[in-house]
Amino acid sequence: MILPISGCVATSTPRYVIDSTSYQATGKSQRIKTIVLHYTVSDNERSIKTLTTGQVSAHYLILDRDDDKVYSLVDESERAWHAGDSGFAGRTILNDTSIGIEIVNAGIKPEYRNALNNGVLDYHPYEHYVAFDELQIKKVAELVQDIAKRYDISPKNIVGHTDIAPSRKIDPGAKFPWQRLYKEYGVGAWYDEFDKQYFMHPDAFAAATIPEIKQAFRDYGYQINDTDAWDKASRDVVYAFQLHFRPQRPTGEMDLETYAILKALNKKYAGRDDFY
């Protein structure tokens, strides 16, 4: 015997409601923890096409067009595909917990794009990079100020793509003005010059072991291996750090000034990860 099943689907009015006002948990925090800045390595038209039709995206796009617009491509409540394989401040899979901002910029000047191919240079120096337009910087500053305030994002968690993926990426490059954004707009992290000078002691740097210095990078937030050598992967982290905090001389070599800047940053910001 075959019985009819048409009456098995429940269509009655729900007998309960969701009460979101009587009780509230205190053990919670904002989901968005990081703002990641990128350059597109392309012009306006190709950047728009790539970020709207391809398998990569960002929450915001800033063109090099003279207009008053910042373009929202992905709602902040949704997950954009901008960070890739990445990590910072104890977090990985940063697409889940970050806002991505793409800025139209060519990246490396055309005449220098093959400069690393002959084996003479391991990393691009400052002069190889393309500068950003003034209007772009103002838009970035205003946008990041707003996002950081709304999500209570730690200054040190306002980073570049190279900070979170140092062996894959070098954007937003040496000519992105991190220091200016900090000083003029209160955006991001920067060291105090007094602290830097305090740590500029050759003897202290000479006495510091490679594992100790690598731990200092981890204390700030960088992912770095635990080998007892400055191998290529480790130097990639040093270069990423220099692009952010000593952009005029990014060499990938661990030196006294880089050490002093790292120590000064940790003195000011270590322990402010807001991990949870």
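**View 1. Lys 267 is an exposed residue of this predicted model, with a relative accessible area of 55%.** Exposed here means over 50% relative accessible area, buried means under 20%, and partly exposed lies in between (1.4 Å probe, protein chains only). Lys 267 forms a salt bridge with Asp 195, and the closest N and O atoms of the two are 3.5 Å apart; a salt bridge is a side-chain nitrogen of Lys or Arg within 4 Å of a carboxyl oxygen of Asp or Glu. The pair links distant parts of the chain, with Asp 195 in helix H5 (residues 193-198) and Lys 267 in helix H9, 72 residues apart. Helices (H or I, at least four residues) and strands (E, at least two) are DSSP runs, numbered from the N terminus. Residues are numbered from 1 along each chain as its sequence is written, and side-chain values use heavy atoms, with hydrogens and water left out.

**View 2. Glu 134 and Arg 180 meet through their side chains in a salt bridge of 2.5 Å, N to O.** Glu 134 lies in helix H2 (residues 134-151) and Arg 180 in helix H4, so this pair ties together parts that are 46 residues apart in sequence. Glu 134 counts as partly exposed, at 39% relative accessibility, and Arg 180 also counts as partly exposed, at 25%. The structure holds 15 salt bridges.

**View 3. Glu 257 forms a salt bridge with Arg 246, the closest N and O atoms being 3.2 Å apart.** Glu 257 counts as buried at 18% relative accessibility, and Arg 246 is buried with a relative accessible area of 5%. Salt bridges that share partners join Lys 196, Arg 246, Arg 249, Asp 255 and Glu 257 into one network.

**View 4. Helix H8 (residues 232-245) is largely enclosed by the rest of the structure, because 12 of its 14 residues are buried.** Among the buried residues are Val 237, Tyr 239 and Phe 241. What covers the buried residues of H8 includes strand E7 (158-160), helix H3 (161-164) and helix H7 (210-220), where covering rests on contact, meaning heavy atoms within 4.5 Å.

**View 5. Phe 88 and Tyr 220 are one of the aromatic pairs, of which a search of the whole structure finds 15.** Their rings are edge-to-face, at 6.4 Å centre to centre with 80° between the planes. Rings of Phe, Tyr and Trp (its six-membered ring) pair if their centres lie within 6.5 Å; planes under 30 degrees apart count as stacked, over 60 as edge-to-face and the rest as tilted. Phe 88 is in strand E4 (residues 87-88) and Tyr 220 is in helix H7, 132 residues apart, and both residues are buried. The rings of Tyr 222 and Phe 241 have their centres 5.8 Å apart and their planes at 70°, so that pair is edge-to-face as well. Ring pairs link these four residues into a cluster that also includes Trp 190, Tyr 191, Phe 217 and Phe 245.
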